[in-house]
Amino acid sequence: MSESDFKYMTESISTDLIVMLMEDFDMSMKSAFDSLYNSVTYAKLTDASTGLYFQSSGYVYSYLRSEITTGKLETITE
């Protein structure tokens with residue numbers, strides 16, 4: 001996979017995650033961006049070795065939502 005393919009996949013999922021955050025938590029766009037980009041979930045999404053970028057947006061969001069609501073990230077198993 002090329003770097004541009006990886007970047008496209010992570011950016012596509014990130015876009016979906018931001019919309020989901022705005023809808024579920026009634027966040028502003030800025031807050032949603034801040035929440036995503038400062039999360040452990042985002043760090044794992046943008047780490048190609050985790051393979052998380054191959055998963056659906058809904059799957060990744062389940063981890064992000066859990067991280068936000070509990071303050072910690074559940075173990076991501078691939």
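Which residues in α1 meet which residues in α4? In this predicted model, the α1 side consists of I13, D16, L17, M20, L21, D24 and F25, and the α4 side of S57, G58, V60, Y61, L64, R65, I68 and T69. Sorted by class, the contact of α1 with α4 has nine nonpolar, three polar and three charged residues.

**Packing of the helices**

Helix α1 covers residues 3–25 and helix α2 residues 29–37. Helix α4 covers residues 57–70. The geometry of the two helix pairs is listed below.

| Helix pair | Angle between axes | Distance between axes |
|---|---|---|
| α1 and α2 | about 125° | 9 Å |
| α1 and α4 | about 50° | 10 Å |

The angle of about 50° between α1 and α4 makes α1 oblique to α4. The crossing of α1 and α4 is right-handed.

For the other pair, the packing angle is about 125°, and α1 and α2 are therefore oblique to each other. The crossing in which α1 passes α2 is right-handed. On the α1 side, this contact is made by S14, L17, I18, L21 and M22, and on the α2 side by M29, A32, F33, S35 and L36. By class, the contact of α1 with α2 has eight nonpolar and two polar residues, and no charged residues.

**The nonpolar core**

The largest nonpolar core of the model has 14 residues. Within this core, the residues with the most contacts are L17, L21, L36, L45 and L64. Helices α1, α2 and α4 each supply at least two residues of the core. The greatest contribution is that of α1, with five residues.

L21 links several of these elements. On α1, L21 takes part in the contact with α2 and also in the contact with α4. With neighbours within four places in sequence left aside, L21 is in contact with D26, M27, A32, S35, L36, Y61, L64 and I68. L36 and L64, both among these partners of L21, are also among the core residues with the most contacts.

**Individual positions**

S14 lies in helix α1 and is one of the residues that make the contact with α2. Is S14 buried or exposed? S14 is buried, because its relative accessible area is 5%, where buried means under 20%. Leaving aside neighbours within four places in sequence, the contacts of S14 are with L36, Y42 and L45.

D26 belongs to the loop between α1 and α2. D26 has a positive phi of about 50°, although D26 is not a glycine. With a relative accessibility of 71%, D26 counts as exposed. D26 is also one of the contact partners of L21.

G58 is part of helix α4 and is among the α4 residues that meet α1. The relative accessible area of G58 is 41%, so G58 is partly exposed. G58 and D16 are 42 residues apart in sequence, with a C-alpha to C-alpha distance of 8.5 Å in space. D16 is likewise listed among the α1 residues of the contact with α4.

Y37 is located in helix α2. Y37 counts as partly exposed, at 42% relative accessibility. Y37 and I18 are separated by 19 residues in sequence and by 9.8 Å in space, C-alpha to C-alpha. I18 is one of the α1 residues in the contact with α2.

Terms used:
Residues numbered from 1 in each chain as written. Predicted model: local features only at pLDDT ≥ 70, side-chain atom pairs only at ≥ 80, totals over all residues. Heavy atoms only, no water. Axes fitted to C-alpha atoms, helices over the stretch in contact; angles between N-to-C directions. Helix = DSSP H or I, 4+ residues; strand = E, 2+ residues; numbered from the N terminus. Parallel < 35°, antiparallel > 145°, perpendicular 65-115°, else oblique. Left-handed = near helix turned anticlockwise from the far one by under 90°. Contact = heavy atoms within 4.5 Å. Nonpolar A, V, L, I, M, F, W, Y, C, P; charged D, E, K, R; others polar. Core = buried A, V, L, I, M, F, W, Y, C linked by side-chain atoms within 4.5 Å. Buried < 20%, exposed > 50% of the residue type's maximum accessible area, 1.4 Å probe, protein only.
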